[in-house]
Every structure is written in structure tokens, then in C-alpha cells.
Amino acid sequence: MTTNSLTTSQGAGRAGDKVFSGAAMAAGCLILAVLFGVALFLVVQAIPALTAPAEDIQGGNGFFAYIAPIVVGTLIAAVIALVIATPVAIGVALFISHYAPRRLASGLGYVVDLLAAIPSVVYGAWGAAFLAKEISPAYDWLATYLGWIPIFEGPASATGKTILTAGIVLSVMVLPIITSLSREIFLQTPKLHEEAALALGATRWEMIEMAVLPFGRPGIISAIMLGLGRALGETMAVALVLSSGVLTASLIQSGNQTIAAEIALNFPEASGIKVNTLIAAGLVLFVITLGVNMIARWIITRHKEFSGAN
Amino acid sequence: MTATVVRKRSALTKGQLPKFAPYIVLAVALIVGAAILALIGFNAFGWGLVSAILFAVGLVSWSGAVEGARKAKDKLATCLVVGSFLIALLPLISVIFTVLVNGIPGLITPGFLGTSMNGVTGAFDNKAVEEGAPVLGGIYHALMGTLQITLLATVISVPVGLLTSIYLVEYGNDRPLARAITFFVDVMTGIPSIVAGLFAAAFFFAIVGPGTKTGAVAAVALSVLMIPVVVRSSEEMLKIVPNELREASYALGVRKWRTITKVVIPTAISGIASGVTLAIARVIGETAPILVTAGFATTINNNVFGGWMASLPTFIYTQILNPTSPSNPEPSDQRAWGAALVLIILVMLLNLGARLIARLFAPKTGR
């Protein structure tokens with residue numbers, strides 16, 4: 001009977017224990033090995049591009065002249081995305097955690113999570129077919145009235161397929177990430193702090209200013225960093241929306257390029273040294289996002305250890 | 001300020017706006033907004049925007065005049081917070097509306113779900129535009145490719161992810177190895193999807209030979225993205241299994257691995273299954289890693305270990321970026337939007353399924 005086998009089969013049981021715990025540990029180590037492997041294989045495949053003579057690399061000026069403008073382009077797109085998404089995301093998180101009726105709150109949270117569920121290629125298609133067209137009059141307006149600012153220098157792109165449009169699409173994609181993490185941290189605010197503030201006669205906003213935001217600041221910062229990681233690595237939104245070109249200061253002209261989009265657009269047809277160049281570009285992207293994510297995680301764990309409030 | 005005491009009002013509510021104040025301001029804002037928009041050319045989006053700004057300005061300044069600066073600031077914050085939520089809803093509604101409007105014509109085309117793009121050339125698309133012939137071609141090959149690649153990725157990720165989470169919860173005990181795994185799983189969650197694709201490509205280029213692009217390579221790339229999600233969700237679920245259950249099992253003399261497989265996992269299975277479903281929903285829409293690992297095919301390929309393979313996301317991508325007929329991109333756009341609709345439906349079904357699994361198979365608490 002099975003009940004007997006549970007208790008009597010000593011030898012088999014001990015072996016089973018060993019095998020099972022060994023398998024569990026092996027799986028854990030496999031994950032570490034994979035992450036190590038990601039770094040290793042990228043480095044191995046990237047080395048030919050780094051050591052190749054300068055004229056073999058696209059552009060003819062060596063790898064670093066090739067990668068520098070697209071690194072800057074990647075940063076520009078990510079910064080635009082964060083500048084737009086952060087205030088909105090914090091507002092949405094506050095709305096769900098402290099403003100919305102308690103009954104609706106979880107349902108509304110699910111609605112925002114739906115934004116995260118939509119595949120990136122659909123966002124890219126939406127940005128290219130709908131947003132770019134609708135937003136180009138606004139670019140004309142910017143070019144006419146604010147054209148003296150270098151980032152809004154005209155003439156504006158007629159198709160609207162600019163780095164600013166790509167940044168807006170990216171902001172929609174990082175919004176749910178920042179929202180869900182900030183919401184979690186806002187909900188953890190000690191109830192006593194909130195009630196003490198309200199009992200002292202604070203309005204709801206003053207309560208949030210005094211109790212919720214100071215408590216949530218590390219959480220918000222790490223949420224923004226994670227959003228930054230996502231915005232840096234996002235491919236499709238940029239590849240489909242942006243009509244790429246050389247690095248330009250103006251956000252409303254076509255031009256600029258990001259690392260991820262550069263890889264996606266060129267890798268399928270690439271051969272020879274070009275493959276190594278693109279993998280090296282991927283390595284640069286990997287290092288940047290790894291750094292951003294590690295800082296974010298470090299802030300989270302530090303906060304977890306020293307937060308005496310809960 | 002309140003010199004004219006006309007109505008009897010309680011001293012407690014003195015110096016406060018009446019309850020119906022926001023509704024009055026809203027009505028006035030809508031009317032004035034409509035009037036302004038009528039002057040410069042009416043559109044619904046502009047009306048909403050102008051009215052919202054008018055509403056916020058009106059309510060805040062009225063509140064400032066009657067209730068003082070602190071209450072006005074509170075009202076302003078409320079307006080901004082609610083406004084940001086409404087702004088966040090705009091892209092969601094817009095995306096879903098765009099996909100529905102553009103996708104339904106493609107989806108209802110006969111043979112869209114049942115045929116591949118094999119033999120569909122630009123000539124057919126030109127004919128469709130110029131002579132009104134039916135749009136040929138479909139997404140069968142891409143749908144099959146997506147299902148096979150995702151299935152293989154799931155088969156790889158679930159055992160690894162589940163075993164890792166078991167190690168972390170049951171065996172880890174906060175050892176350095178467990179802490180390292182937790183940290184790097186978190187870091188892995190943030191790997192850009194295209195880097196995961198490049199890794200798989202570089203790995204197979206080195207092992208099998210340069211230019212190896214098959215469905216299996218794509219599945220490995222997707223596993224890299226999927227494993228951390230599975231680990232995190234399973235870990236959370238295993239952690240909430242009550243310790244009393246484990247201890248009761250040990251007290252009966254049951255071995256640890258039998259306790260885990262017979263007691264802990266069955267208790268947490270609903271949460272684990274819903275986490276896995278969400279992880280599938282996350283990777284099924286990934287485009288970039290498949291693009292660099294599986295190439296894009298126009299024919300049905302049922303062998304994940306040989307030859308290029310199509311998938312829904314890469315199908316959408318290539319149909320938009322490189323239309324079958326460059327001079328007449330409309331049929332390609334129609335197919336792309338149809339495929340996007342199918343993809344969104346798949347993802348939504350998976351999300352819904354995850355919620356249903358979590359609810360239906362939740363462990364019964366005995367009280």
C-alpha cells in the first residue's frame with residue numbers, strides 16, 4: 001500500500017531525498033550558469049568586432065564610433081519615456097492605493113496591468129499607424145512656436161515617426177511597471193502614520209505628502225530604475241515607430257536610433273563581421289541594463305533591511 | 001469671507017464648498033469647453049482636454065476663495081491624481097480600439113486562420129487592390145510556429161523554474177547560494193528581450209554552427225525570459241503554504257521530498273499554474289528574440305529543430321515593415337492587424353485563464 005511505502009521504504013526514501021534536493025540545487029545553479037553564459041557567449045562573439053580593423057565596421061571608423069551615437073539615442077528615448085511615464089505612473093498608483101473607492105481598487109489595478117499584457121509589437125504597430133499620424137500636427141505646432149529650443153527645431157517630420165513618438169510609445173509600456181511597484185509600496189505605508197497625519201487635521205494630500213511619499217521614496221526610485229531598464233531594452237516599439245537616421249538633437253525630426261532597434265532591423269540579414277558587431281552592440285546594451293537593474297535591486301533590498309516601520 | 005449668511009448652515013460645515021460643487025464646476029467646464037472648441041474647430045479629444053483643464057482650474061480657484069489655500073491644494077492634487085489615471089486609460093482604449101477596427105476585416109477574410117503565406121506573392125496583393133480580388137494568405141504557419149515555440153519554451157522553463165523555487169523555499173535557508181540565485185533571478189527579469197535572443201543565437205552559433213536559426217533556438221531564448229518569471233511566482237506561492245502542513249507530514253515520518261511532492265506542491269498548485277500561464281502570456285508576444293533566432297518563414301514548418309520558423313509577432317513585424325507587395329501595402333497591413341488581433345485575443349485568454357485557474361483550483365481551507 002502507498003501509505004506503507006511512505007514510511008517503510010528507508011533506502012529508497014533516502015536516495016529520493018538526495019536526488020530531489022540535488023535536482024533542485026542543480027536547477028538553481030543552471031540559472032546562474034545561464035546568466036553567466038549570456039555574458040560569456042556575448043563576449044566571445046563580440047571580440048572579433050572589437051579587434052577588427054576600423055574600416056571593416058559599418059561606418060568605417062571602428063566599433064566605438066559606430067556604437068556611440070546609438071547609445072546616446074537609446075538614452076534619449078529612455079529619458080523621454082521616463083519623463084512622461086513617471087508622474088503619470090505615480091498618480092495612477094496613488095489613485096489606486098489612496099483615492100479610488102476600496103471596492104473598485106483591485107479591478108482598476110487589473111485594468112492598468114492589461115497595459116502590460118499587450119505585446120510590444122502591437123504597441124509598435126499602434127504607434128506607427130495611429131499615434132504617429134495623429135501627433136504630427138502637434139509637432140508642426142512645436143516647430144513653429146518653440147522651434148528656437150534645439151530639441152524642437154524644425155522642420156518637423158511629416159510622418160510623425162520621430163524619436164519623441166517612440167519615447168511616448170515607450171512611456172506607455174513602462175507605465176504599468178512603475179505603477180504596479182509604486183502601488184505595492186504605497187499600500188505598505190504604515191496605517192498608523194496615515195491615521196496620525198489625518199488626526200492632526202491634515203488634508204488627504206498633506207497626509208500623502210507627509211506619510212506616504214517619504215515612506216515610498218526608495219520604492220519609487222527603484223520602480224523608476226526598473227522602468228528605465230525596460231525602456232532601454234525595448235525593441236519593437238522603436239523599430240516600428242522610428243524612421244531612424246544619424247544622431248540629431250531635434251526630437252521632432254526623423255533621425256536617431258537605439259541599440260535594440262538597430263539589432264532587430266539588421267540582424268536577420270547580417271553576415272560575417274556585421275553579426276559580431278551587432279552582438280557587441282547587444283553586449284553594450286546588456287551591460288547598461290544589468291547595471292541599472294542591479295542598482296534598482298540593491299535599493300530595494302537595502303530598503304527591506306532597514307525599514308523599521310513595518 | 002462668508003459675510004452674507006443667507007442659509008442656515010452648521011458651524012461645522014462653514015467655510016466648505018457644498019457637496020454638489022464639483023458637479024456644478026464640471027457642467028460649466030463642459031459647456032465652456034464646448035464653446036471654446038466650437039470657435040477653433042470641434043473634436044472630442046480637444047473637448048475633453050479643455051474641459052478637464054477648465055474643471056481643475058475652476059474647482060481649485062473656487063475652493064481657494066472659499067476654503068483657503070490648504071484645501072485648494074488638496075483639490076488640485078485630487079484633480080491631478082484622477083487625471084493621471086484617465087490619461088493612463090487613453091492609450092489602453094486607443095490600442096484596443098485600433099486593433100479591433102483594423103483587425104476584424106483581416107480576421108473575417110476566408111482562409112485567414114487556415115492558410116499560410118506559401119506562394120502568396122506581391123502580384124496577388126496588387127490584384128487585390130486594383131481589381132478587388134480577395135486578399136489571399138493567412139497566419140496558419142505563424143500561429144503553429146508560435147504555439148510550438150512557446151510550448152517548447154514552457155517545457156524547458158517550468159521544470160527548471162519550479163525546481164529552483166523549491167530549492168529557494170525548501171532547501172535554501174538563506175544560504176549564500178540561495179541569496180545569489182534570488183538576486184540574479186531578479187536581475188534576469190530585467191534582461192532586454194533582444195539580448196536573450198542574441199544569447200541564444202550566439203550560443204547555437206558556437207555549438208552547432210554559424211547561422212543556425214530554428215524554432216528550438218527561439219525556444220531557448222524565450223526560456224531565458226520565462227524562467228525568472230516562473231521562479232518568482234512559484235516562490236511566492238510555495239512561501240504561503242502553511243508550515244503546519246509540512247510539520248504534520250514530517251511528524252508522520254514522511255521524507256522531505258515526498259512531503260514536497262505530495263503535500264507542498266499540491267497545496268500551491270493553483271498559484272503555480274496561474275503563474276506559469278501568466279509567464280506564457282508574457283513570452284508569447286515577444287518579437288525581438290524570435291526575430292534574431294528563428295528568422296521568418298512563409299511556409300508551414302512543423303519541425304522546431306530544423307529550418308526557419310514563422311511566429312505571430314514576427315509575422316506582424318515583417319508584414320508591416322516589408323509588405324509582400326511594396327507598391328500596395330494595404331493587404332499586408334490588413335493581414336498584420338488581423339494577426340495582431342489574434343495575438344491580443346491569445347494573450348487576454350491566457351490572462352483570463354490564469355485568473356480562473358487561481359480561483360477554481362484554490363486550495364480549500366478547512367474552516
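How many residues of chain B are in contact with chain A? The count is 72 residues of chain B, touching 71 residues of chain A. This is a predicted model, where local features need pLDDT of at least 70, side-chain atom pairs count only at pLDDT 80 or more, and totals for chains, interfaces and linings use all residues. Residues are numbered from 1 along each chain as its sequence is written, while chains are lettered from A and ligands numbered from 1 in the order in which they are written.

**View 1. The side of chain B that touches chain A.** Being in contact here is about C-beta atoms, placed from the backbone, that lie within 7 Å. Helix 3 (residues 69-107) of chain B gives the most to this side, with 19 residues. Helices are DSSP runs (H or I, at least four residues), numbered from the N terminus. By class, this side of chain B has 52 nonpolar, twelve polar and eight charged residues. Ala, Val, Leu, Ile, Met, Phe, Trp, Tyr, Cys and Pro count as nonpolar, Asp, Glu, Lys and Arg as charged, and the others, Gly among them, as polar.

**View 2. Helix 1 (residues 21-40) of chain B meets helix 2 (residues 44-67) of chain B.** Their axes (lines fitted to C-alpha atoms over the stretch in contact, with angles from 0 to 180 degrees between N-to-C directions) come within 8 Å and cross at roughly 135°. The two helices of chain B are therefore oblique to each other. Angles under 35 degrees count as roughly parallel, over 145 as roughly antiparallel, 65 to 115 as roughly perpendicular and the rest as oblique.

**View 3. Helix 5 (residues 140-171) of chain B and helix 10 (residues 256-284) of chain B.** Here the axes come within 10 Å and cross at roughly 140°, which makes helix 5 of chain B oblique to helix 10 of chain B. Look for Thr146(B) and Leu162(B) of helix 5, and Ile272(B) of helix 10, among the residues making the contact.

Definitions and conventions: Contact = placed C-beta atoms within 7 Å.
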